[in-house]
Amino acid sequence: MNNSSKEMPDDKGYFGEYGGQIIPPPLIDIMNDIDTAYKEIIQTKEFQDELQQLNADYVGRPSPIYFAKRLSSEVGGARIFLKREDLNHTGAHKINHCIGEALLAKYMGKTKVLAETGAGQHGVALATACALVGLDCEIHMGEIDIKKEHPNVTKMKILGCKIISVTRGTKTLKDAVDSAFEEYLKDPVNFFYAIGSVVGPHPFPKIVRDFQSIVGREAREQFLAKENKLPDTLIACVGGGCNAIGLFTAFLDDASVKMIGVEPAGKGLDTNDHAATLTLGTKGTIHGFECYTLQDNEGNPLPVYSIASGLDYPGVGPQHCHLKDIKRVSYEAIDDKECLDAFMKLSRLEGIIPALESAHAVAYAMKIAKDMSGDQTILVNLSGRGDKDADFVADYLGL
Ligand SMILES: *Cc1c(COP(=O)(O)O)cnc(C)c1O
């Protein structure tokens, strides 16, 4: 990590105009302590050895790069490759930063890790990482989400995590965030709040990015070994933005590599049912940092929607906002219908059932590949597998 684009954020946690610490002063001190500890700990050989060993023997890294031959010939044009984060233990990229955060909490001597979860994906990945390193884990989840996401709730229980059912307000993600945060503030010296994406106050967008950037480092090396050149285009879906930044970081200085982040257009960008934050949002503040947000006239977050629950967030990682403004990455949107089409095509042409989140990225690759030439290549980050979505899609499509 020794070039300009990766030196971001600055000392105050800003990526250009975005990021920072929009939180009360006592909390700023605590966040700065975490940053100091993080910088010290990640330089130790002990931490790096332990992380590397867990990545290899536990997560199953490196995840392969796979040439999707039948999908590519069906679509025509550029060849489409997949970075197989769906093959990681627990089935998605989230384990990459959850293990990093849990290890960091352990090295910092914290006694309890806590977080909120919406659909339960972050909760399961974090509960897994806490079981692995031997830390208490407490997940706050809205009462409505607990009823909806039963398999994930069961997994978290089996993994030994304490689940707090949040019954206030909308009984969903937003109130779960508030509830988890209140618990954290009871003892921030001994507790660790494990944020689930490249969002929240500094240093979290940086810490989560650093742990996810293994995806791009591997991919760059693997692709060069396979194809003797870099991919022409990278594509990843964007909720908070951690799988995308994880892939993009290693390529930011490769001017020839085009990068595209794909947001959910839901039922259409002309409806209220989408979560296309970078495409349609404006600058605002959410959860302790500045970013593009979907907000009302008073600056409150608007309700958002996506068929992929991992993408429905009304804010987005600050580095993505900066990368959009400097035009290094372009951000596009894919609607539910295009997502489902890609979900079925990848399943039936390649035998890979993708997460609905990842299917957004596949859909965009299918959209642009046909207008590219046969010697060009697209690398898609297949952020997760679709086990969690299979019943829903089958019902929805009447299979
Ligand atoms: C949570 C999730 C996402 C969205 O999170 P990012 O921070 O944008 O990466 C994408 N894909 C899968 C499979 C997820 O579980």
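A residue counts as near a molecule when one of its heavy atoms lies within 4 Å of it. By that rule 16 residues surround the ligand, and the closest are Lys94, Ser197, Gly239, Gly241 and Ser383. The model is a predicted one, in which local features need pLDDT of at least 70 and side-chain atom pairs count only at pLDDT 80 or more, while totals for chains, interfaces and linings use all residues. Residues are numbered from 1 along each chain as its sequence is written, and side-chain values use heavy atoms, with hydrogens and water left out.

The shell around the ligand divides into 5 nonpolar, 9 polar and 2 charged residues. Here Ala, Val, Leu, Ile, Met, Phe, Trp, Tyr, Cys and Pro count as nonpolar, Asp, Glu, Lys and Arg as charged, and the others, Gly among them, as polar.

A polar side-chain atom of Ser383 lies 2.8 Å from a nitrogen atom of the ligand.

The chain itself is divided into domain 1 (15-55 + 94-209) and domain 2 (60-91 + 213-397), with bounds from an automatic or database domain assignment. Taken over C-alpha atoms, the centres of domain 1 and domain 2 are 23 Å apart. Their contact (heavy atoms within 4.5 Å) takes 26 residues from domain 1 and 32 residues from domain 2.

Between them, domain 1 and domain 2 bury about 2400 Å², 62% of it on carbon and sulfur atoms. Buried area is the accessible area (1.4 Å probe) that two parts lose on being put together, summed over both. On the side of domain 1, Tyr18, Asn55 and Arg209 lose the most area to domain 2, together 27% of what that side buries.

How many salt bridges cross the interface of domain 1 and domain 2? The rule, a side-chain nitrogen of Lys or Arg within 4 Å of a carboxyl oxygen of Asp or Glu, finds 1. Glu17 forms a salt bridge with Lys283, with 3.2 Å between the closest N and O atoms.

Terms used. A polar contact is a pair of N or O atoms within 3.5 Å; within protein, one must be able to donate a hydrogen and the other to accept it, and residues adjacent in sequence count only if both atoms are side-chain atoms.
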